[in-house]
Amino acid sequence: YLKISKLALAFAIIHSKPPGKSSKEYTEYLARTVSEQDFGWKWKVEVLEAEVLRLRQELLLNRISPRFCSENRKQDTSAETLLGQESINPTSYSSQLEDSGCDVCNDSAFDSLGIASDFHQSEHNVNTSKHWLERVPPLNLCHTSKEQSLTAPVHFLQRLLEIRKLSEGGILQADFSELENDSFTICNSVSQLLDGLTFFYNSPKFPAPTFLTEGVCVLLSLITDTKLSNHVLKKCFRKIEEFKKNLIQIILRNRSVNRFQALHSVSQTLGLLGRNNILRNSLISLLLSGVRQFAEQLLQAHQVQSVYDIAQYENIFLLCMILEQLLQNETEESNFSSSDYGGEEKIKFLKNLDQVILHLSDEFPLFSLCLWRVSVLLNSGQMQ
């Protein structure tokens, strides 16, 4: 039946093709037309789904804290004025973004992108009595659907974090048990945020857009918040794990000439994610797996004298740097050397590592040294 249908379609195309066009050209034209129609319907569906999610977000916030939402609605009319003032007086993000962060050897390069410094500032912001009455202006910085997919969840999660701070200070009453009753909204919002961050890390722009730095700050605040992190990690743990894997692959596979500034930003984000006790062990396992697999590929290429990926060899040092930093932090915080971080990957990494280092040390001394330093941290918990 399928063969007869295909044959009938082919005859119909040949019979109906306009003069001056070949059957191939007419077939391609019909395929493009159908594809454009499908794209149009998909775009409409995406718009409607986004609107449904926005309404669910508003409803969830209203259930958690009706008073907060009513105060925000009262100030909707002044949102455009606030945005106009923001364009005249840029925030600390935009002023920090004037520094391109090209000096990737300096640890402050990440601060120049406005992520680490603003994250710590948000952690220590105790002046909530004034802040709760100030409307968080809608992020209208989006010009494409990709930017919209990131700014929309950032705006929602910013407001959720604001309610959390105000309720903790006793300024506002909030019922966060509603998060248990509506897991769909929080899961989809965090999922959109992670997908948006992954997309922009894959296609970096310099200086980093404001909505990207704000997205990272919101993600880190959610993970470190004592009350909200349980809801986020419980419902979105797999998505966060996928996000970490994507960031590691972005570091390994990037081959652009001017990649080190972007990769340094990604590595700093991984390092900040590793500060969370729940995420740290899984991140260490992922990094151990990535470094081990590359070491095995490099050893195999060295033994048969074949070509290896030079760009990946350069990128692997960022993963080693992150891994060493996380292991040192784990050792300092636990104060003992028997921490079972890494699990199975730790065993796989240490297996035959001495032989790997022995064979690679002459040709790749720096990488061999990095492997040795990691093995020392895994074995003893102290640098020797």
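Which residue forms a salt bridge with Glu314, and how far apart are the closest N and O atoms? I looked that up and got Arg259, at 2.3 Å.

**Ground rules.** I'm working on a predicted model, where local features need pLDDT of at least 70, side-chain atom pairs count only at pLDDT 80 or more, and totals for chains, interfaces and linings use all residues. Residues are numbered from 1 along each chain as its sequence is written, and side-chain values use heavy atoms, with hydrogens and water left out.

**Salt bridges.** My cut-off here is a side-chain nitrogen of Lys or Arg within 4 Å of a carboxyl oxygen of Asp or Glu. Searching the whole structure gave me 14 salt bridges.

Back to Glu314 and Arg259, whose closest N and O atoms are 2.3 Å apart. This pair links distant parts of the chain, 55 residues apart: Glu314 is in helix α16, while Arg259 sits in the loop between α13 (228-253) and α14. I take helices as DSSP runs (H or I, at least four residues; strands are E, at least two), numbered from the N terminus. For burial I use relative accessible area: buried is under 20%, exposed is over 50%, and partly exposed is in between (1.4 Å probe, protein chains only). Arg259 is buried at 6%, and Glu314 is partly exposed at 36%.

Next I checked Arg164 with Glu168, a salt bridge with its closest N and O atoms 3.8 Å apart. They are four residues apart in helix α9 (residues 145-168), so about one helical turn separates them. Arg164 is buried at 5% relative accessibility, whereas Glu168 is exposed at 59%.

Glu296 and Arg292 form a salt bridge too, with the closest N and O atoms at 3.3 Å. Both are in helix α15, four residues apart, so again the separation is about one helical turn. Glu296 is partly exposed at 43%, and Arg292 is buried at 14%. I also noted a network: salt bridges with shared partners join Arg164, Glu168 and Asp225.

**Aromatics.** Rings of Phe, Tyr and Trp (its six-membered ring) pair if their centres lie within 6.5 Å; planes under 30 degrees apart are stacked, over 60 edge-to-face, the rest tilted. That rule gives me 11 aromatic pairs. Why is the pair of Phe294 and Tyr313 tilted? Their planes are at 35°, with the ring centres 6.3 Å apart. Phe294 is in helix α15 (residues 277-303) and Tyr313 in helix α16 (residues 310-334), 19 residues apart. Phe294 and Tyr313 are both buried. Tyr313 also pairs with Tyr308, edge-to-face this time, at 6.0 Å centre to centre and 70° between the planes. Tyr308 is partly exposed at 32%. I put Phe294, Tyr308, Tyr313, Phe317, Phe364 and Phe367 down as one aromatic cluster.

**Nonpolar surface.** I found a nonpolar surface patch made of Phe39, Trp43 and Val47, with about 350 Å² of accessible area together. Patch residues have over 30% relative accessible area and no salt bridge; like charges are joined within 9 Å, nonpolar side chains (Val, Leu, Ile, Met, Phe, Trp, Tyr) within 5 Å. Areas come from the Shrake-Rupley method with a 1.4 Å probe, and for residues only the protein chains shown count as cover. Phe39 lies in helix α2 (residues 23-64) and is exposed at 58%.

**Helix α14.** I looked up residues 260-273 last: α14 has 14 residues and reaches 20 Å from its first C-alpha to its last, close to the 20 Å expected at 1.5 Å a residue. The expected span is 1.5 Å times one less than the number of residues. This helix is mostly covered, with 13 of its 14 residues buried.
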